[in-house]
Amino acid sequence: WLIAEHGIDPGQICAVTFTNKAAAEMRRRVRSLLGPGKGEVWLSTFHSMGLRLLREWSQEAFLGASIPNAAPLGAAARNGGAWLPPPGFAVYNRDASLAVWKQCQSALRISARDHDPGRMFGRCSRAVSGLEDPASWDAHNQSWDRKIAGRVWKQYRTAMRAAGAVDFDDLLVLPLHLMAQDPGLRARTAGRFRQLLVDEYQDTNRIQYRLIQTLLGDDSELLVVGDEDQSIYRWRGADLNNVLDFQSDFPGAPVVRLEQNYRSTQPILSAAGSLVANNRQRLGKSLWTERAGGELPTFVQCATDREEAEWAARKIGEIGSEPDGPDLSDIAVLYRTNAQSRQFEEIFTGRRIPHRVVGGQRFFARREVRDVLAYLQLLVRDDDVALRRAIGTPSRGIGPKTIEALSNVVTGGSAAAALRHLTDAPEPERAFAEAGFSPAAVERLLAFGRLLSSLRDIAAASSVAELIRVTSERSGYVALLEREENTDDRLGNLGELVAA
């Protein structure tokens, strides 16, 4: 429409969305609408746009084009100036960036056990997205954890520059800093865009918001599409104020409410609208549809999660018994978190309702559930499969060769039986040593054997629920999960295992 009706040059349109998949689909559609030879719209994610700008500027500097006041190639400018990466620079993904962070942390002799690298790296990344510089965290009024993270951050940034590499945060930070440092570069870059379009505006963070402002030239027009009621990524740095303050930040900008819904019936829209109206921070909308009819939604309040699953099972039974009722395959149960599937699976299995978990594993097949159950299996029988699983989660430096050597100690070849037998010996250190294990292996095997022995004592006097809680903590498994991604989901599954 902008190109056909208003004669805008495709190269003067910059459209930004939030996933590479969405951007690729939009590019495909625009190309098919425009046809060949019509030019190319800048249509990408924020990070892809930042990468494209950095590559252009880097190449210009390499070829001798003038970028006044920009930092010299290969080095950070003095006095906090922005750094321009060299041509052909590498973009490190999170794993590669975290590997550099760990090297820097190790070089500073900061314990990874006391200061988790992933957490510190994530904390600094979130700070950067909020326009904060972790390098300033060495001030007197900062907490000790922030000071430690800031120290590693300085070393990390230096190491990345030395490698001529950037991370994902740099793809937004560096263009913003370079344009702020060089007004001429900013004017030249912003002047190329007459139209700036931003999708999913409610998910933008502060640095993306600043980048939008910086790219607006004197003759630019801005269009954003967003819904404050769909802002759910605050934990990723999304700032709802970007939507709420839009009219004050850009005076005179009209607001068009897209309130007609084409998918749902009015009773569903009314129920959703009455619920979301309780949000305190919102611009407000009243959804409506031309679709007539539609059943009223049923609201059921249950006292427990088990009662909820039992109600669903009864309802499915009622629907299935109707003469012209739907097939079971036409019925779906939606839940918010993966851990909630456990009660439904248990009740449905008990009532012999065939079911399939879509987009996830069945509860007792999930990794963290099987890991903790492996410990419990070892408490009641000598199970070598459970031993291999438990002894490696978390890692204890006990490898397959050591476990194989254990299996040769007792008749029958059970490594689990040998571990229990040697641990319970009157002089366990001597027993392990006489079995041919090195001092280091003796220390590790005996520590694990004594852990199992202490858990057997707890099992004899406690409930299974309490045993699972203690096992998860004493084994170091909870600490292991806290260092991983999707921590809340995995810990939630352990909580459901206790409840089961």
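## Helix H15

The expected span of a helix is 1.5 Å times one less than its number of residues. Helices (H or I, at least four residues) and strands (E, at least two) are DSSP runs, numbered from the N terminus. H15 has 14 residues and should span 20 Å; its end C-alpha atoms are 21 Å apart, which agrees.

This is a predicted model, in which local features need pLDDT of at least 70, side-chain atom pairs count only at pLDDT 80 or more, and totals for chains, interfaces and linings use all residues. Residues are numbered from 1 along each chain as its sequence is written, and side-chain values use heavy atoms, with hydrogens and water left out.

Buried means under 20% relative accessible area, exposed over 50%, and partly exposed in between (1.4 Å probe, protein chains only). Which residues of H15 are buried? They are Glu368, Val369, Asp371, Val372, Ala374, Tyr375, Leu376, Leu378 and Leu379. These buried residues pack against helices H16 (384-391), H18 (415-423), H20, H21 (464-474), H22 (477-482) and H23 (487-499).

## H15 against H20

H15 (residues 367-380) packs on H20 (residues 439-461) at an angle of about 80°, and the axes are 10 Å apart. Axes are lines fitted to C-alpha atoms, for helices over the stretch in contact, and angles run from 0 to 180 degrees between N-to-C directions. The two helices are therefore roughly perpendicular.

From H15, Tyr375, Leu378 and Leu379 make the contact (heavy atoms within 4.5 Å). From H20 come Phe448, Leu451, Leu452, Leu455, Arg456 and Ala459. Eight of the contact residues are nonpolar, none is polar and one is charged. Here Ala, Val, Leu, Ile, Met, Phe, Trp, Tyr, Cys and Pro count as nonpolar, Asp, Glu, Lys and Arg as charged, and the others, Gly among them, as polar.

## Cysteines

The structure holds zero disulfides. A disulfide here is a pair of cysteine sulfur atoms within 2.5 Å. For cysteine 124, the nearest cysteine sulfur belongs to cysteine 104, 12 Å away. Cysteine 124 is buried, at 0% relative accessibility. Cysteine 14 is also buried, at 1%.

Serine 97 sits in helix H4 (residues 94-107). Its relative accessible area is 1%, so serine 97 is buried. Leaving aside neighbours within four places in sequence, serine 97 contacts Tyr92, Phe121, Tyr156, Met160 and Asp167. Leucine 172 is 75 residues from serine 97 in sequence and 16 Å in space, C-alpha to C-alpha.

Alanine 435 lies in the loop between helix H19 (428-434) and H20. Alanine 435 is partly exposed, with a relative accessible area of 34%. Not counting residues up to four places away in sequence, alanine 435 touches Val409 and Leu422. Alanine 435 and serine 136 are 299 residues apart in sequence and 56 Å apart in space, C-alpha to C-alpha.

## Backbone points to check

Most residues other than glycine have a negative phi, and most peptide bonds are trans. Threonine 393 and proline 394 are joined by a cis peptide bond, with omega about 0°. Proline 394 is in the loop between H16 and helix H17 (400-407).

Arginine 109 has a positive phi, near 60°. Arginine 109 is in the loop between H4 and helix H5 (117-129) and is exposed, at 79% relative accessibility. Glutamate 200 also has a positive phi, of about 50°. Glutamate 200 lies in the loop between strand E5 (195-198) and helix H9 (206-215). At 31% relative accessible area, glutamate 200 is partly exposed.

Technical notes
Parallel < 35°, antiparallel > 145°, perpendicular 65-115°, else oblique.
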